[in-house]
Amino acid sequence: MSAERPIVVVTRKIPAAVEQEIATQFETRLNANDTPMSAEALEEAMRTADVVLCCVADKMTADIINTPGRRVKLLANYGVGFNNIDVAAAKAAGVLVSNTPEVLTEATADLAMTLVLMTARRTGEGERHLRGGQWTGWRPTHMMGTMVTGKTLGLVGFGRIARAVTKKAHDGFGMKVIFHDPLVPNGALGAEPRATLKEVLEESDFVSLHCPALPETRHLMNAQRLGEMKKSGILINTARGDVVDEAALVAALQRGQIAAAGLDVYEREPSVTSELLKMENVVLLPHLGSATLETREAMGRRALENIRLFVAGHPLRDRVA
Ligand code: 8YV
């Protein structure tokens, strides 16, 4: 690294407090008007900076990572998921990659529970109904939903966020929590393991996805898997859109094979399969998992910590490649 201050490119607008902290320590290029950087702009950054602090919407492909004349040696991802980065290409190119785990666990788990409650109690529908001027007043059978308290929540994956969901659901809502995670054989926090995903899908009233987007989890929730859920089952996704075959989900909802879905992530963000937009029994949020000021500031500081360690020649705190 050259004598002058290392150059850090921040691809999107992040909370001002963290932008200032980065700018006091490094030669920083911020994205004041928050327009997504083009592939050309990302390539320029790879040629002229030492570190790129990138986000889930920045597709750091092999071509961008292998930009001729590359100077960058660290991609500090602003997020725990890093499927936006071709980590194999980064590894091959000797470019380090870090992420921001832990600091967004509670916020994302809160949002998963929000989707459980919104789908079960039809709150989005109710809001649209009232704001649309259709509400004619209380009546006994109006817009009845389904209970959350005491029901069975099935978790696909049992990592940090799933464990945080378990505490909220089990301790807060008296839910029975079961999970399937090929890497986690034993239960914890009141959650019971199931040896197969099929058992979780068949037994659960709510199925919440908490696995990373990997080649092996792509379309994990396909037509066959959706068919294994209860007809009254509700699918929740705050993980990654790739984990669900969105077309198969639309078909399962149209056929009444499952009752509802609550989504925060999509296969082709920001575009959402048009049929989903018309469905009243689907809650659609715009990737708000970690969208709290406290969390987004903490994510920025975590990325900054990895950048500082890198510049000082120390091992990264959150190295993923
Ligand atoms: C982030 C997320 O907001 O952390 C993740 O993996 O999906 C979200 O919390 C997003 O990644 C921002 O880059």
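Predicted model: local features only at pLDDT ≥ 70, side-chain atom pairs only at ≥ 80, totals over all residues.
**Entry 1: a helix pair**

I started with helix α1, residues 16-25, and helix α12, residues 293-311. Their axes are 9 Å apart, and the packing angle comes out at about 15°. Angles under 35 degrees count as roughly parallel, and α1 and α12 are therefore roughly parallel to each other. I then looked up the handedness: α1 passes α12 in a right-handed crossing.

Next I wanted the residues behind this contact. On the α1 side I found A17, V18, E21, I22 and Q25. On the α12 side I listed E297, G300, R301, L304 and R308. Sorted by class, the contact has 4 nonpolar, 2 polar and 4 charged residues.

**Entry 2: the sheet**

I moved on to the strands. I traced an open sheet of 7 strands, and its order reads β8-β7-β6-β9-β10-β11-β12. The pairing is parallel. Which strands sit at the edges? I noted β8 (191-193) and β12 (282-284), each of which pairs on one side only. From one strand to the next, the twist averages 20°.

Strand β7, residues 176-180, pairs with β8 in the parallel sense over 3 bridges. Here V177 stands opposite A191 in β8.

**Entry 3: helices on the sheet**

Helix α5 (residues 105-120) lies across β9 (206-209), β10 (234-237), β11 (260-263) and β12. I get about 150° between α5 and β10. Helix α10, residues 246-254, also packs on the sheet, where it touches β10, β11 and β12. The direction of α10 makes about 145° with that of β11.

**Entry 4: one methionine**

Last, I picked out M229, which I located in the loop between α9 (223-228) and β10. Is M229 buried or exposed? The cut-off for buried is under 20% relative accessible area; M229 has 6%, so I wrote it down as buried.

Then I asked which residues M229 is in contact with, leaving aside its neighbours within four places in sequence. My list holds L201, V207, M221, I234, L235, Q257 and I258. Of these, I234 and L235 fall within β10, and V207 falls within β9. I also looked up E199: it is 30 residues from M229 in sequence, and the two are 9.3 Å apart in space, C-alpha to C-alpha.

Notes:
Residues numbered from 1 in each chain as written. Heavy atoms only, no water. Axes fitted to C-alpha atoms, helices over the stretch in contact; angles between N-to-C directions. Helix = DSSP H or I, 4+ residues; strand = E, 2+ residues; numbered from the N terminus. Parallel < 35°, antiparallel > 145°, perpendicular 65-115°, else oblique. Left-handed = near helix turned anticlockwise from the far one by under 90°. Contact = heavy atoms within 4.5 Å. Nonpolar A, V, L, I, M, F, W, Y, C, P; charged D, E, K, R; others polar. Pairing = 2+ DSSP bridges. Buried < 20%, exposed > 50% of the residue type's maximum accessible area, 1.4 Å probe, protein only.
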